[in-house]
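Colleague: Hi! Could you walk me through this model, starting with the ligand site?

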Amino acid sequence: MYFVKGGNSKWMATLVQLAGFPILIPYYFIIKLKNPTAYDTCTKPPSVLTLTAIYVSLGLLMAADCFMYSIGLQYLPVSTYTLICASQLAFNSVFSFFLNSQKFTPFIINSLVLLTISSVLLVFNNESANPTRFSKAKYAIGFICTVAASAGSGLMLSLTQLCFRKVLKRQTFKVVMDMVIYQGIVATGVTMIGFFAGGEWKIVAVFLFHDKMDGIKAISMLLAVWGFLSYVYQHYLDDRKSKAENRNAIEVSKASNTGTSREE
Ligand SMILES: Nc1ncnc2[nH]cnc12
């Protein structure tokens, strides 16, 4: 809406993607008062230097990512942009495979194939996509930036998970909230510097947008939704399996306890 109605500041568009994190701060303290054990940890935390390095690098990655999303939003129609963004699931799976040993099951592969096809279809669809607003070159820049941003999102999530596993070694409420808030502070701070240093002060308010939906976009959207559902279904199966395994483990441990007490 902002760009369609004449807004021109990429920094401003980036800022609105990032600046919402303070809404979590009251929740952070309310939970602390209500449930102090959510903050308990047994292991020694990493040094301040290590934590700072993690928050700053992930914060910078997040700011760069949102800036590229802003370029994509500026040069692409919203439906095209949104469909390309669906590829972040695929990127997330690939990075999770390499960084966090996530497995590729048939449902995940199905999801990846569909999401990739759905995004690739859009490359051939730039004729009808908002023909008057931007040139082919800008469409290409928007496309590349949105794909790069989607890859960046997948990378960022996988790196965050890697940090939780290998460096922070915990996933308590506090550790997760610290990550979200400090990463948000770094990303918002960097973006504000860019906004003021770049001199992009003038903001045009916008209220409405209209975006055409044609045949290829509809098919692309269908594939993206199908791919996404496949991905969600795999997670549902994983969740069910892990719950069943937990139940079995509890039953086995109960049975072995009963056996031991009878022998005694
Ligand atoms: N994951 C994401 N997808 C699309 N746009 C975004 N802006 C910030 N994060 C985003």
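Modeller: Happy to. One definition to begin with: a polar contact is a pair of N or O atoms within 3.5 Å; within protein, one must be able to donate a hydrogen and the other to accept it, and residues adjacent in sequence count only if both atoms are side-chain atoms. On provenance, this is a predicted model, where local features need pLDDT of at least 70 and side-chain atom pairs count only at pLDDT 80 or more, while totals for chains, interfaces and linings use all residues. Residues are numbered from 1 along each chain as its sequence is written, and side-chain values use heavy atoms, with hydrogens and water left out.

Colleague: Thanks. Which residues are around the ligand?

Modeller: They are Q17, C66, Y69, Y81, C85, Q88 and S153.

Colleague: How much of the ligand's accessible area does the protein cover?

Modeller: The protein covers 64% of the 260 Å² that the ligand has on its own. Those areas come from the Shrake-Rupley method with a 1.4 Å probe; for residues, only the protein chains shown count as cover.

Colleague: Which elements give two or more residues to that shell?

Modeller: Those are α3 (48-75) and α4 (78-85). Helices (H or I, at least four residues) and strands (E, at least two) are DSSP runs, numbered from the N terminus.

Colleague: What's the shell like by class?

Modeller: It has 4 nonpolar, 3 polar and no charged residues. In this scheme Ala, Val, Leu, Ile, Met, Phe, Trp, Tyr, Cys and Pro count as nonpolar, Asp, Glu, Lys and Arg as charged, and the others, Gly among them, as polar.

Colleague: Let's zoom out. How many helices and strands does the protein chain have?

Modeller: There are 9 helices and 0 strands. Of the chain's 264 residues, 37% count as buried. Buried means under 20% relative accessible area, exposed over 50%, and partly exposed in between (1.4 Å probe, protein chains only).

Colleague: What does UniProt list as "transmembrane region"?

Modeller: An unreviewed UniProt entry lists residues 12-31, 52-72, 78-100, 107-124, 139-159, 180-198 and 218-237 under that name. UniProt positions are given in the numbering used here, feature names are shortened, and annotations may be inferred rather than shown by experiment. In the model, residues 52-72 are 100% helix and 0% strand, with the end C-alpha atoms 30 Å apart. Residues 180-198 come out at 95% helix and 0% strand, and their end C-alpha atoms are 26 Å apart.

Colleague: Switching to aromatics, how many pairs does a search of the whole structure find?

Modeller: It finds 8 aromatic pairs. Rings of Phe, Tyr and Trp (its six-membered ring) pair if their centres lie within 6.5 Å; planes under 30 degrees apart count as stacked, over 60 as edge-to-face and the rest as tilted. One of them is F97 with F104: the ring centres are 4.8 Å apart and the planes are at 40°, so the pair is tilted. F97 is partly exposed at 36% relative accessible area, and F104 is partly exposed at 29%.

Colleague: And why is F107 with Y233 called edge-to-face?

Modeller: Because the planes of F107 and Y233 are at 80°, with the ring centres 5.0 Å apart. That pair links distant parts of the chain, 126 residues apart: F107 sits in helix α6 (residues 106-121) and Y233 in helix α9 (residues 215-263).

Colleague: Which residues form an aromatic cluster?

Modeller: F97, F98 and F104 form one cluster.

Colleague: Last topic. Is N100 buried or exposed?

Modeller: N100 is buried, at 15% relative accessible area. It belongs to helix α5 (residues 88-100), and a polar contact of 3.2 Å joins its side chain to that of R165.

Colleague: What about the phi of S101?

Modeller: S101 has a positive phi of about 55° although it is not a glycine. Most residues other than glycine have a negative phi. S101 is in the loop between α5 and α6, and it is exposed at 58% relative accessible area.

Terms used. A residue is near a molecule or strand if one of its heavy atoms lies within 4 Å of it.
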